[in-house]
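Let's take a walk through a protein model together. Keep the 3D view open and follow along as we go.

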Amino acid sequence: MDPNGPRADVVKARHDFFERNDTSTGLVPPTILRSWRRCAERGFDSHVRPAIEPVGPIELRELHERNERLIRLCRPELEALTIEARDTGGLAILTDGAGFVLDAVGDASFAGKAAGVALRPGVRWAEASTGTNAIGTALVERRAVEVRGAEHYFEPHRILSCAAAPILDPRGAMVGALDFSGRAEIALSHALSLVRMGVDQIEHRMFADGFESCDVVRLHADRDLLGTAREGVLVFEGARLVAANRHGLKLLGLDWNALGARSFGDLFDGRPRAAADGRLVTRSGASLHARMRKPAIAVPGARSVSPLSDPAAASAPPARQLEGPVFDAATEASLRRAVRLVEGDVPILIRGETGSGKEMFARAVHAAGSRATSPFVAVNCAALPEGLIESELFGYEHGAFTGARKAGSRGLLREADGGVLFLDEIGDMPLTLQARLLRVVQERAVQPLGGGRPAPLDIRIICATHRDLVSMSADGGFRSDLYFRLAQFTFALPALREHADRGSVIEAIWRGLPRGGRTLSLATLDRLRRHDWPGNHRELVGVLKALIALSDPGEAIGPELLPATIAPLQAGAAPNAEGNLEALAVGAMRAAIEASGGNVAEAARRLGVSRSTLYRRALSRRAR
């Protein structure tokens, strides 16, 4: 970058575009020009500093909670970029799929300068709010983007030079972006390569878990690249392709539309076991080096089988863990009522705090109804980028916008046809799209972007929010006509702290996790029961999983392993093990005895009580 000012070609391009209204200038990359056009269509004034403010501390904490797995997966790359950022006077930035900055680390002096243009955690750097910038434009274009100095739409942002790449999950959903930003006067020649390599590593790491019941095929034309972040990864459930990374799709000449639509036989010659031999031949005749990890499906007395090699196993449902929430009697009654309402085509609204189990409630309604075998399509309105939410929901025709797939897209509304559509965080849907959704709800038909005939919809609608939609409607933040259409019946889910028998809820979720013979000591249970759980079931599950990870199989887990957020008992309030046994649910006693192979003495040791007391209380409770 010229230290004396912006490049002459960019200066002329800005003059042609902003002063002469020449939208065909070839002096800037096509990606930049397309972004400028989108910003101009939104009516942005390039001379004015955009009015953007960070979310509050509570909203920022919720952002971090919603993106906990993404933050964890990105930590190694963010730390590596931080070293580079400190050396070059820049910042390494991680955002979620909507462009909200989750973390910004690096050079402290530049961080202060960047904060002057709101480049800090909690601020949304979507193109729809901050104009042309690497983060927002990369999310819209679904590709790595570099925006240098005066290529930014808003003039105050010309102090920045940025490179960003979007992060896609194994099913092609946009979950975040990795960005490297620095001073415009310093040439960041390797920034784009660094973020691309970082995103490759992150996306590759996403296949480490979550596909235990599937066949995972890793392939590349170069044997030496197998096992690296540049290998292709394909995931098959049964014989159906259900997940992939970008490298895997590129090797086979596919796009994300292939997920769910292609089978192993559509893509390769021969039988799946050929992958075990180290080679696969594509239908086009290309030979690729390959490795396959077969799932281990536990069948007592039988060998491990793979869905690809054993057709009977393809229909076997994978074992599921109970990760909450556990509904109390009142919520179970609400659930039964909700099923009847949805069966009668009455839209319902679920209200509750973050982590209280709104989606689990909706899924339970779907599973208990006549549409249980039809699609359940969950849409998080807060997670979809504003620039993409319209096309993702309503679908689009070929040519609807620059970069649209040739085959178009059905959209999530049509994916739910015949089943249940769950609109999570409906209060975060932009006002401009609420009118379109209202028409869909009224007419039960959807018209894709780019024209085409409206397609009829047969769907049942469930919405959820942690916001007060009544107040938002009164203040103009949510359409009142849409509210009354969607909230014809409202259910409020209690926070975990409001459960009368919190201990039973904790133990029910604990029993549903893979414990490996571990038990919770009475002191640990007492601490867990007393905690108010501001993060509700999501926080509880996270703590229980952490206890499992930090302990050894068969161990009686003491309170010393609890995180600092679980406050210790106050002085003088230490629990008495014998006295607190009455409060211990029978499930914990049975679990301890079962984990000890029926050895009551060992179970008593694990629980921290005497053998006679446990024996007497356990047997007396069983007899009741």
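There are zero disulfides in this structure, a disulfide being a pair of cysteine sulfur atoms within 2.5 Å. In general, it's a covalent bond between the sulfur atoms of two cysteines. Take Cys463: the closest cysteine sulfur belongs to Cys381, and at 7.5 Å that is too far for a bond. Cys463 is also buried, at 1% relative accessibility, and Cys162 counts as buried too, at 6%. Here, buried means under 20% relative accessible area, exposed means over 50%, and partly exposed is in between (1.4 Å probe, protein chains only).

A quick word on the ground rules: this is a predicted model, where local features need pLDDT of at least 70 and side-chain atom pairs count only at pLDDT 80 or more, while totals for chains, interfaces and linings use all residues. Residues are numbered from 1 along each chain as its sequence is written, and side-chain values use heavy atoms, with hydrogens and water left out.

Now find strand β1 (residues 91–96) and strand β2 (residues 101–106), which pair in the antiparallel sense over five bridges. Strands (E, at least two residues) and helices (H or I, at least four) are DSSP runs, numbered from the N terminus, and two strands pair if DSSP finds at least two bridges between them. Which residue of β2 is the bridge partner of Ile93? That's Ala104. The two strands form a hairpin with four residues between them, and Gly99 in the turn has a positive phi of about 95°.

Next, look at Arg124, in the loop between α5 (108–115) and α6 (127–130). Its side chain reaches the backbone oxygen of Ala98 at 2.8 Å. Arg124 is buried, with a relative accessible area of 19%.

Positive phi values turn up in non-glycine residues as well. Arg444, in the loop between α16 (431–443) and β15 (445–446), has a phi near 50°. Asn536 has a positive phi of about 60°; this residue is in helix α21 (residues 536–550) and is buried, with a relative accessible area of 0%.

Finally, head inside. A nonpolar core is a set of buried Ala, Val, Leu, Ile, Met, Phe, Trp, Tyr and Cys residues joined through side-chain atoms within 4.5 Å. The largest one has 50 residues, of which Trp36, Leu234, Phe236 and Phe268 touch the most other members. Apart from it lies another core, of 30 residues, among them Ala416, Ile426, Ile461 and Met472.

How values were computed: A polar contact is a pair of N or O atoms within 3.5 Å; within protein, one must be able to donate a hydrogen and the other to accept it, and residues adjacent in sequence count only if both atoms are side-chain atoms.
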